[in-house]
Every structure is written in structure tokens, then in C-alpha cells.
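Hello,

Here is the structure I promised to hand over. Please open it alongside this email.

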Amino acid sequence: MRVLRYVSKRLLFLGPVLFGVVTVVFIVARMLPGDPVHLLAPRDADAQTLAVIRTELGLDKPILAQFARYLTDIGRGEFGRAIHTGNPVLVDIANRFPATLELTILGLSLCILVSIPLGVLAAVRRNGPLDHVSRLTSLLGVSMPSFWLALLLIYTFFFHLDLAPPPLGRGPIGFDPPRVTGMYTIDTLLAGDLAGFATVVHYLLLPVISLALINMAPLTRLTRASMIEVLGSDYVRYALAAGVPRRVVQFRLALKNALLAPITMIGILVGNLLGGAVIIETIFAWPGLGLWAVTAATQSDYAPVQAFALFAATTKVLVYLLTDLAYFAIDPRIRY
Amino acid sequence: MSLLRVEGLRKTFKVKEGGGRDRTLFALNGVSFTVEAGETLGLVGESGCGKSTTARCLVRLLRPDAGHIWIGDQDIAALPEPALRPLRRRLQMVFQDPSDSLNPRLTVADAIGEPLALHFQLGPGERLARIRELLALVGLKDEHRDRYPHQLSIGQQQRVGVARALACEPELLILDEPTSALDVSVRGMVIRLLEELRASLGITYVFISHDLSVVRHICHRVAVMYLGAIVEIGPTDRIFSSPSHPYTEALLAAVPVPDPRQRRTRPILAGEVSSLVDLPKGCFFFARCPVRIDACATTPQPLREAGAGHEAACFLRVPERAAV
């Protein structure tokens, strides 16, 4: 019951947070250089045509009036139209979100599956060879910008070794599995198309690995640090002195207590994923939300930029809420 | 036969120095003592003198490099873990910081039940009865059973630590500064609890502390450690009334006296503790000793008999005729 009350209290905060996001994004979008009118107008349009389009878009009104109209539109579930695709924003999001979701889920899963065991083993065999390897890769991962890492992967595995497909989206041109979920891995499997599935995985490889590598460093280091702290605590010493076998102490007792901090970190990483995907999607021409938002931003296409920010903010707030609820399940010390 | 006989215990650690060089830190340099059944031996000395390393070797959290640890007729110093496991029941440890020594995810009942499950085959009913019995033994209420450590006061946490250690009916309890994390009023209560348990269970303690007034109160015998070696050992009243090692004298002089008008006459130490990496060649205490002579720098000082059951490692204070 207390959990429910806690959740509803947290959800109440969602309103003010989102209003803040909407306001800031509205202002920032209008500070972007460029004029959306030119997107719609023909190249040689005269001043009068431009003025007509401007009136149609409502951009001739005072900024406060535009903001008020924007808010009432959102209230009615009307997010406007993306000028650069010509579709309503919600249609674009629905079309493109599965591509982003597939990429980020796989990227983060790979990241977690590698970093947590790596961090744990590095802590258990402290200063052993694996610890040094993980320290070195983490250092590289932290100090390398994601776009540079992605470009290096493309250069090595596509250009030189020819092991990966070109960084041109989710599949070869014309590749379009029957749409059910919009996530190609699932859709090809549902259609029983194993060759298609292989193609999808092939195209996913580099972007997923890039995304995983970028997020691996902090998670590995944190898992290691957290694990070392727990392994050095007196209750671990006690368990050893009481005769609990060392492996049980390390991999069951200590690990459970050490996972709290990494779970927080995973929450933060998930919250940041949409933002991180922007860069990876741009480099791999991945037709997801990130690429869509970037294109919109570079063309001063207000509606999609605003909708994307709102979408990302909502996801983030909800993910943080889920993370907090996860603590509740894991740590008996936490009571709301 | 003594319950615990420690002979020539040595332990070194590898440490990295600034230049990345590995150096050897000599934490324990031949520690020997015995503890009789029912007795309480105090182990005192300043931070870094090897008290806790000794404790961890005794319960075999650390494996000593050399020496023997006889529990009855079993030498556990080099025993491999599987052979050691059934013996672990016989000696248990209580840690300094109760909040760090209890797993935050286990309730009181789970914490006490853990050693029970490891060492005894008990049904659920028997187990619960035993947990209740142990809680009562350390002065906790039955309602504390389902609490988590963070819901207990620090004094209660330490009582759980004691109950957990007692759960497998050990013969010897190593108490590693069990009261130094507690404030004074709670300290008194835990000391009283330990005394009561000693009286009712006949249990043997090795009591590690740097609080000399507590040691004087609870211990039958005291061993004074310096640089990983025992420099003086003997009955508590002898150590406190007529210490035979200059370091013991200085240690006793450092005990605060709650009387501002009293003038101190005992020596206060100058100088630094010698490094455990570069052990002194002669007397370990040479660098800080107020009564040293040149010969001390080159003459190692073994323990010499200074009276009945009283030994000290100083050839100036313990004359040759008394040497064994």
C-alpha cells in the first residue's frame, strides 16, 4: 500500500517536471538558427508567399500566444506535424520508436551482460590480469567519444575486414520485413524468416556493440568498486570465519549486496539511452527517433524537436521511478 | 592442556611502494602465547601493532606464513579450508564495528540462524527455539527477531554480533575491539554482558582493545604488542602495577586520568613507530625507548621471565639472573 502511495506521489511530480521541460524546449527550439517557413516554401518564393506560410503556421503571432497554443494542442493530444517528413509527429514516433528501442535494448543488454560479470571478477581477482584488462578497456571507453569509437569500428570491421555491413541503417535497401512490432529481430522471427533474421543481426552488430562499449566503462568500474567495498566489510569476513565457502560468500552473499549501486547506474544509463542513441543513429543512418530528432533540429522543425524532448523526458522520469522501485525490492533498508 | 596455544606466528604482506616496487611488510614477527580454558587474555597495543592481524590469523581469515595455532590438539595454522570448516565452530569472532559486521539484508533471526544452519542439523522449530534462547542470552527481546540491523541501536547490533558468535557454541571467542565503536554508556552494558556470559557459559576470550581501563577490568592476563611482537605478557594486576617493559610503562602513562590537578610523572613517548617494512635489528622499541642504551640497537630482545607467569622483552629491566 505504501508503495502505491509512493508511486502516485512520484507521478504527481511528473506534471510539473514535464511542464518545465516543455517550456525550456519551446524556448530553445525558437533559439535555433534558421526559419521553418523556408522548409515549406519553394526555393524562389517571394516575400508574400513566405508571409502566408508564416500565418498558416501561426508563427506571426507573439511568442506567448504561440506558447499558449502549443500547450492547448498538447492538452488535446495534438503534437503537430513534422515538416521534414510531412507526417503527424505521433505517426513518426510510432513508426520510428521500434528501431530505436531494438537498438538500445540490445545495446544495453550486451553492456550489462559484459560489464557486471567483468566488474565482479575484476573485484574478486583484484590486480589480476582480468582486472588490468578491464581497467584498460574502461579507460579507453571513458576517454573516447562515442562517435569516434563508432567510426573506428566501422573503419575496422566494414572498410578493412569487411565483416560488417555498411553503416546504412537496418538492412539492405528494400529490406522491409512484415511489420508486427516494428522490431526487425522479432518480426523476422515471427515470419519464420531465418535468413532475414541473420541479415537484421548483421546490421545490428556494429551499432549495438558501439552503444554497449560506450556505456560499459562506468558500469564495470562501479560494479568493481561496489564489490570491493562489500568484500572488505566485516560481515563478509564473518561469513568466511563462520565457515561459509568462499565462492558462496563472493558470488551469492557479497554480489547481492554489491548490486545496488550498479542498478542505480543502469537506471541512469537507460535514462540517457535516447540521448546516446542520437549520435549512434546519426552515424549508422539508423532510422530511429534520434536521427529523426537531429534532422528536425538542423532544419528548425519545431514540432518534432519539442515532441522528442517531451518523450525523452517522460521516459527518463519513468525509468528513474522504476529504478527507485527496484531498490525497494532489493534493499530492506529502504522504506518509503 | 591449554585451550589455545600460539607459537611463533608470523605474517607478512606485500605492499606496493611509490616506485611500484613490491616490499614486504612484517605484520607479525613471532607471536607466541597461550590461553587457558575459562581465561580472558587481553591483547593491547597501539594501532598497527598487529592485534587485528593476530585475531584474523586465529580465526584463519588469514593464513599465517609460519607458526602454529593449537586448538586443543589440532594445529589449524596451515589447515586447508575443507578440513578447517568443522573446526571453525570452536572459535568465533566478534568485530569492532557492529554496523559493518552485520549483513544489512539479513534480519536478526537470519543473521543468528546462518551459523546454526552451517554447523548444526536443526528442524525449523528447534532452530527458532535456539534463536530465541540466544536472543535472551544477550539481553535482546523476542520482538527484535524480525528487525534489520539498521532498525537496531548500535548496542543492540553488537549484542546480535555476540549472539551470532555464540550460536555455534564456540569454546573461544575472539573479541576484536568489541567496544571501541560504542559510546561509553553502551560500552558498559556490553562489557557487563561479556562478563555475565563468561560466568554462565565458562567461555574463553581473547579480548583485543586499546582501552586499557576496560582491559584491566575484564582480563585475567594481558599481552602487550609492539611492531607485531609481544613485548610483555603477564597477570593483569602485575602488568598494571609493576610493568617491566618501557613500552608498557609508556602505554599505561598515556591512559587519561580524570583529574586535572594530578601531575604526570610517567614518561611520555617521543619519536615515531619504526617501520614494519624495515624492522629494527635489535630491540623493536629502540627508536622510542626512554631508557635505551647503545647495545639495544643491535641486541634482539626475546621475552625473559620477570616473575611468576610474567615475561618482558627488555634486558635492562629484567636482569640476567631471572632469564630463563
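This is a predicted model: local features need pLDDT of at least 70, side-chain atom pairs count only at pLDDT 80 or more; totals for chains, interfaces and linings use all residues.

Chain A meets chain B through 15 residues of chain A and 19 residues of chain B. Which elements of chain A give two or more residues to that side? They are helix H10 (234-242) and helix H11 (246-258). H10(A) supplies the largest share, seven residues. By class, the side of chain A that touches chain B holds eight nonpolar, three polar and four charged residues.

H10(A) and H11(A) also meet each other. Their axes come within 10 Å and cross at roughly 145 degrees. The crossing is right-handed. H10(A) brings A:Val236, A:Ala239 and A:Leu240 to this contact. H11(A) brings A:Arg246, A:Val249, A:Leu253 and A:Ala254. Six of the residues in the contact of H10(A) with H11(A) are nonpolar, none is polar and one is charged.

Now to chain B. Four strands form an open sheet there, in the order E2-E1-E4-E5, with antiparallel pairing.

Look next at strand E1 (residues 4-16) and strand E4 (residues 66-71) of chain B. These two run antiparallel and are joined by five bridges. As for B:Arg5, its bridge partner in E4(B) is B:Trp70.

Best wishes

Methods: Residues are numbered from 1 along each chain as its sequence is written. Chains are lettered from A and ligands numbered from 1 in the order in which they are written. Two residues are in contact if their C-beta atoms, placed from the backbone, lie within 7 Å. Ala, Val, Leu, Ile, Met, Phe, Trp, Tyr, Cys and Pro count as nonpolar, Asp, Glu, Lys and Arg as charged, and the others, Gly among them, as polar. Axes are lines fitted to C-alpha atoms, for helices over the stretch in contact, and angles run from 0 to 180 degrees between N-to-C directions. A crossing is left-handed if the near helix is turned anticlockwise from the far one by less than a right angle, and right-handed if clockwise. Two strands pair if DSSP finds at least two bridges between them.
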